[in-house]
Amino acid sequence: MVIVTAILRSEAVAAFLAGLGLWLANDGSLLWLLPALLLPDGSAVGYLVNPRVGALTYNAVHNWTLALAVLGIGWWLSSTPALLVGAVLLAHVGMDRALGYGLKLPTSFQDTHLGRIGRGRRAEGV
């Protein structure tokens with residue numbers, strides 16, 4: 001399990017770095033990078049309703065499919081703004097996954113596809 005976790009985290013770091021590289025290659029501002037990286041976390045607003053809605057809104061933004069689709073559309077349309085949005089989504093998801101945050105299960109914010117996060121989590125071999 002430790003090796004699998006290390007591979008998953010290294011893939012996430014690679015995605016984070018690729019997103020940063022794409023942001024910079026498309027003239028993304030260093031001044032706006034940090035705010036842009038934090039913006040996808042606004043999708044957690046659904047947790048104000050309940051964990052099921054929260055998981056739905058969070059997972060809708062925090063996935064590889066959306067990031068790659070937006071990047072593809074940006075490339076296809078030669079749209080720098082779309083490329084920047086895709087790049088920051090890719091970097092954000094990579095950053096979250098590298099830190100152990102995964103897609104949320106409808107039971108609780110702490111329950112993810114990568115395991116439980118936060119206080120009270122079970123000991124992992126990481």
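**Close-up views of a predicted model**

**View A. D27 sits in the loop between α1 (2-25) and α2.** The model shown here and in every later view is predicted. The backbone at D27 has a positive phi, near 60°. D27 is a residue other than glycine. Is D27 buried or exposed? D27 is exposed because its relative accessible area is 71%, and the cut-off for that class is over 50%.

**View B. S78 also has a positive phi, of about 55°.** S78 is not a glycine. Where is S78 found? S78 lies in the loop between α4 (64-77) and α5. The relative accessible area of S78 is 63%, so S78 counts as exposed.

**View C. The second largest pocket has a volume of about 180 Å³.** Which residues line the second largest pocket? The lining is made of W23, W32, P35, A36, L39, P40, P81, L84, V85, V88 and L89. By class, the lining holds 11 nonpolar residues, no polar ones and no charged ones. Two helices, α2 (30-38) and α5 (80-98), each contribute at least two lining residues. Which element gives the most to this lining? The answer is α5, with five residues.

**View D. A36, one of the residues lining the second largest pocket, belongs to helix α2.** Why does A36 count as buried? The relative accessibility of A36 is 14%, and buried means under 20%. Beyond four places in sequence, A36 touches W23 and V88. W23 and V88 are also among the residues that line the second largest pocket. L84 is another of the lining residues. A36 and L84 are 48 residues apart along the chain, yet their C-alpha atoms are separated by 9.3 Å.

**View E. L20 is in helix α1.** L20 is buried because its relative accessible area is 19%, with the cut-off set at under 20%. Which residues does L20 contact, leaving aside neighbours within four places in sequence? The contacts of L20 are L33, L37 and A91. How far is L20 from T112 in space? The C-alpha to C-alpha distance between L20 and T112 is 25 Å, and 92 residues separate the pair in sequence.

**View F. K104 lies in strand β1 (residues 104-105).** K104 is buried and has no salt bridge. Which side chain of opposite charge is nearest to K104? That side chain is D96, 6.7 Å away. A salt bridge needs a side-chain nitrogen of Lys or Arg within 4 Å of a carboxyl oxygen of Asp or Glu. Which residues does K104 touch, not counting those up to four places away in sequence? K104 touches Y47, A55, Y58, N59, F109, D111, T112 and I117. T112, one of these contacts, is also the residue set against L20 in View E, at 25 Å from C-alpha to C-alpha.

**View G. V49 is found in the loop between α2 and α3 (51-61).** Is V49 buried or exposed? V49 has a relative accessibility of 59%, so V49 counts as exposed.

Conventions:
Residues are numbered from 1 along each chain as its sequence is written. This is a predicted model: local features need pLDDT of at least 70, side-chain atom pairs count only at pLDDT 80 or more; totals for chains, interfaces and linings use all residues. Side-chain values use heavy atoms; hydrogens and water are left out. On a 1 Å grid over the protein atoms alone, a cavity is a set of points where a 1.4 Å probe fits but cannot get out, and a pocket is an open set with protein on both sides within 12 Å along at least five of seven lines; lining residues have an atom within 4 Å of a point. Grid points are joined across faces, edges and corners, and a volume is the space filled by probe spheres set on the points. Helices (H or I, at least four residues) and strands (E, at least two) are DSSP runs, numbered from the N terminus. Ala, Val, Leu, Ile, Met, Phe, Trp, Tyr, Cys and Pro count as nonpolar, Asp, Glu, Lys and Arg as charged, and the others, Gly among them, as polar. Buried means under 20% relative accessible area, exposed over 50%, partly exposed in between (1.4 Å probe, protein chains only). Lys and Arg count as positive and Asp and Glu as negative; His and the chain ends are not counted. Contact means heavy atoms within 4.5 Å.
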